[in-house]
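Here is a friendly briefing to read alongside the structure. Take a moment to look it over, then work through the topics below.

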Amino acid sequence: MDVQTTSQRGKLVISNIGLLLSGDLGQPVLDADTVVAVGGRITAVGKAKDVDQEGASVRIDAHYSALAPGLIDSHVHPVFGDWTPRQNQIGWIESYMNGGVTSMISAGEVHLPGRPKDIVGLKAMAIAAQRSFANFKPGGVKVSAGAPVLETGMTEFDFAELAQAGVILLGEVGLGSVNTGSEARQMVAWARKYGIRSTIHTGGPSTPGSSYIDKDVVLEADADVIGHINGGHTALPLDQIRCLCESCNRGIEIVHNGNELAGLTALRFAKELNQLERVILGTDSPAGSGVQPTGMLRLIALLSSVGGTPAELAFCFATGNTARLYALDCGLIAVGKSADFVLLDAAQHSSGKGLLDSVQKGDLPGIGMVIIDGIVRCGRSRNTPPPTHLPELL
């Protein structure tokens, strides 16, 4: 089933929810079994008897499966449309939707063949990418794109012009010619002044033209997010990762396409600091290792099972934490937020007893339905094992 019509934009009622994950670290599980949305926005969360279900244009019976906020992939490298030249693959974004991803954040459109590196060209490309993905949502996925890669010679005027045009992100600092702490710090500050959020490459070079970025450069640059702190793919030494976690309060991004030991270690450091709110998750894809439609789910399962983190908290890393850091209107099951949901359950024949226990045992959950802006985008996922309980569109 792939329903992609705005005719669904009425009143949506999801009932008989067996487990409701909020995306909020402070209260990761809600005592509720019904969610109502109108016009793509959540209007009520509670018990069936306490919420207004009258006049629903779309009803979904969750059949006691779990409901979570749609996953937010904090680190992707789109180009244009639903195509990646890195793997010459079409349809990768829509395929990620079948892995529970409802929003993506670009860390730079660096894979565009012949990517312009002159200042006029890079600004034009960023604005075009921002406009393109604002108008085109593959599989309904909301892609925040238009993230220019910093090049030497950019001035404050360039950042003001980008912000005025609607650009809200910087590409990974270190993927272009700006790769020293002092030069990056000035440009990051200009970007922040105009409301543009930044992330910095961490670890060894990943693509031709990128640089090795160590802890000293990361700390001096002071970007909003320590991009792939576990390397993309090559990580910094663990003592440098500890230093990064302890020496600043910026976002700690752990990615699927990175060093797993380094990612688990960064999570442990965040726990020791009692700063799990800093942890966000991404795939850092498409990459040389391909595209991973279930990469976010695999990362959640890794951090929960091997990382010893309750599954309900690991889901927060991929939803509410990222939404807060990037000021997105999704990622939480709360009134007023975007109606982006994943209905999922323990996979059939998992040894885990229910969704959370199965994830904490390392199994991928089965996705039964994905909803974006209140619109059902897919039923049972083609990319996950079948869930124990399957929601039903009535």
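Helices here are DSSP runs of H or I with at least four residues, and they are numbered from the N terminus. Please keep in mind that this is a predicted model. With that in hand, we can begin with helix α6, which spans residues 238-247 and holds Gln240. From there the tour goes on to a neighbouring helix, the sheets, the cysteines and a leucine in another helix.

- Gln240 counts as buried because its relative accessible area is 15%, and the cut-off for buried is under 20%.
- Leaving aside residues up to four places away in sequence, Gln240 is in contact with Tyr212, Asp214 and Lys215.

**How α6 meets α7**

- Helix α7 covers residues 260-272, and its axis comes within 10 Å of the α6 axis, with the two crossing at roughly 35°.
- The crossing of α6 past α7 is right-handed.
- On the α6 side, the contact is made by Leu238, Ile241, Arg242 and Cys245.
- On the α7 side, the contact is made by Ala262, Thr265, Ala266, Arg268, Phe269 and Glu272.
- Sorted by class, this contact of α6 with α7 has six nonpolar, one polar and three charged residues.
- Helix α7 also lies across two strands, β15 and β16, and runs at about 150° to β15.

**The four-stranded sheet**

- Strands β13, β14, β15 and β16 form an open sheet in the order β13-β14-β15-β16, and the pairing is parallel.
- The edges are taken by β13 (199-200) and β16 (279-282); each has a single partner strand, so one side of each has no neighbour in the sheet.
- Two bridges join β13 and β14 in the parallel sense, and within this pairing Ile200 has Ile226 of β14 as its bridge partner.
- Strand β14 (residues 225-226) also pairs with β15 in the parallel sense over two bridges, where Ile226 stands opposite Ile252 of β15.
- Strand β15 (residues 251-255) is mostly covered, with five of its five residues buried.
- Which residues of β15 point one way, and which point the other? Gly251, Glu253 and Val255 point one way, Ile252 and Ile254 point the other way, and all are buried.

**The six-stranded sheet**

- A second open sheet, with six strands, runs in the order β3-β2-β7-β17-β18-β19 and has mixed pairing.
- Its edge strands are β3 (29-30) and β19 (375-378); each has a single partner strand, so one side of each is left without a neighbour in the sheet.
- Strand β2 (residues 19-21) pairs with strand β7 (residues 66-69) in the parallel sense, over two bridges.
- In that pairing, Leu20 has Leu67 of β7 as its bridge partner.

**The β8 and β11 pair**

- Strand β8 (residues 71-76) is mostly covered, and six of its six residues are buried.
- Strand β11 (residues 101-106) pairs with β8 in the parallel sense over four bridges.
- Ile72 has Ser103 of β11 as its bridge partner.

**Cysteines**

- How many disulfides does a search of the whole structure find? The search finds zero.
- A disulfide is a covalent bond between the sulfur atoms of two cysteines.
- For Cys245, the closest cysteine sulfur belongs to Cys248 and lies 7.8 Å away, which is too far for a bond.
- Cys245, one of the α6 residues in the contact with α7, counts as buried at 1% relative accessibility.
- For Cys378, the closest cysteine sulfur is in Cys330, at 17 Å, again too far for a bond.
- Cys378 also counts as buried, because its relative accessibility is 4%.

**Leu162 in helix α3**

- Leu162 is found in helix α3, which covers residues 156-164.
- Is Leu162 buried or exposed? Leu162 is buried, with a relative accessible area of 1%.
- Apart from residues up to four places away in sequence, Leu162 touches Lys123, Ala126, Ile127, Pro148, Met154, Val167 and Ile196.
- Leu162 and Leu297 are 135 residues apart in sequence, and their C-alpha atoms are 34 Å apart in space.

Note on methods: Residues are numbered from 1 along each chain as its sequence is written. This is a predicted model: local features need pLDDT of at least 70, side-chain atom pairs count only at pLDDT 80 or more; totals for chains, interfaces and linings use all residues. Side-chain values use heavy atoms; hydrogens and water are left out. Buried means under 20% relative accessible area, exposed over 50%, partly exposed in between (1.4 Å probe, protein chains only). Contact means heavy atoms within 4.5 Å. Two strands pair if DSSP finds at least two bridges between them. Axes are lines fitted to C-alpha atoms, for helices over the stretch in contact, and angles run from 0 to 180 degrees between N-to-C directions. A crossing is left-handed if the near helix is turned anticlockwise from the far one by less than a right angle, and right-handed if clockwise. Ala, Val, Leu, Ile, Met, Phe, Trp, Tyr, Cys and Pro count as nonpolar, Asp, Glu, Lys and Arg as charged, and the others, Gly among them, as polar. A disulfide is a pair of cysteine sulfur atoms within 2.5 Å.
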